[in-house]
Amino acid sequence: MAKIYESITDRLARFLLDQPVFFVGTAPLSGDGHVNVSPKGMSGTFAVLDEHRVAYLDYTASGVETISHLRENGRIVLMFCSFDGPPAIVRLHGTGRFVTPDEPEFARLRARFSKERTLGQRAVIVVDVHRVSDSCGYSLPLMDLRGDRDLLDRHHGRRDPEYFDEYRRTRNATGIDGLPALPR
């Protein structure tokens, strides 16, 4: 059933890259703060960097909890579930950080993703993975993927670069618990 791995094996990397959706969990240090679970999708936005590091593209959106939590404490877990084929759940626990487009490291990381659209990208979230585990997933439903939604791409396509600067400054500066998120 459940197993803990020393690293992200080639087999696990293929499994992770094959999943069309994954979930990101973070939390503030305060017990009064909000735990956040965020679904992620869009083809070409997740990458296995090496046996102990993964990353995903983060696009401008309404929430900024992951970044605010990472800025405060770095704790993060990514969960991948198979909704077709053999049942499985894989969790990657680690320490995360975000790299914004104005940082030198961003271009090198961005090259690891096949997603072409760059408009609206907010950061690359990099996770140093400390624990890799799987579990059975026997209760997961079988579902058929119809495709990626293109709503975020179309929404961002109607905006100019100034829109994103303003949006991030006014709506992505802090998370819902008031923790700082994107640098000003």
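## Cysteines

Cys 81 counts as buried, with 4% relative accessibility, where buried means under 20% relative accessible area, exposed over 50% and partly exposed in between (1.4 Å probe, protein chains only). This is a predicted model, in which local features need pLDDT of at least 70 and side-chain atom pairs count only at pLDDT 80 or more, while totals for chains, interfaces and linings use all residues. Residues are numbered from 1 along each chain as its sequence is written, and side-chain values use heavy atoms, with hydrogens and water left out.

The structure holds 0 disulfides, a disulfide being a pair of cysteine sulfur atoms within 2.5 Å. The cysteine sulfur closest to that of Cys 81 belongs to Cys 136 and is 11 Å away, which is too far for a bond. Cys 136 itself, at 23% relative accessibility, counts as partly exposed.

## Largest pocket

A pocket is an open set of points on a 1 Å grid over the protein atoms alone, where a 1.4 Å probe fits, with protein on both sides within 12 Å along at least five of seven lines; lining residues have an atom within 4 Å of a point. The largest pocket is lined by 29 residues, and Pro 39, Lys 40, Gly 41, Met 42 and Leu 152 lie nearest its centre.

## Second largest pocket

The second largest pocket is lined by 17 residues, of which Phe 164, Asp 165, Arg 168, Leu 182 and Pro 183 are the closest to its centre. Helix H5 gives the largest share of this lining, 5 residues; helices (H or I, at least four residues) and strands (E, at least two) are DSSP runs, numbered from the N terminus.
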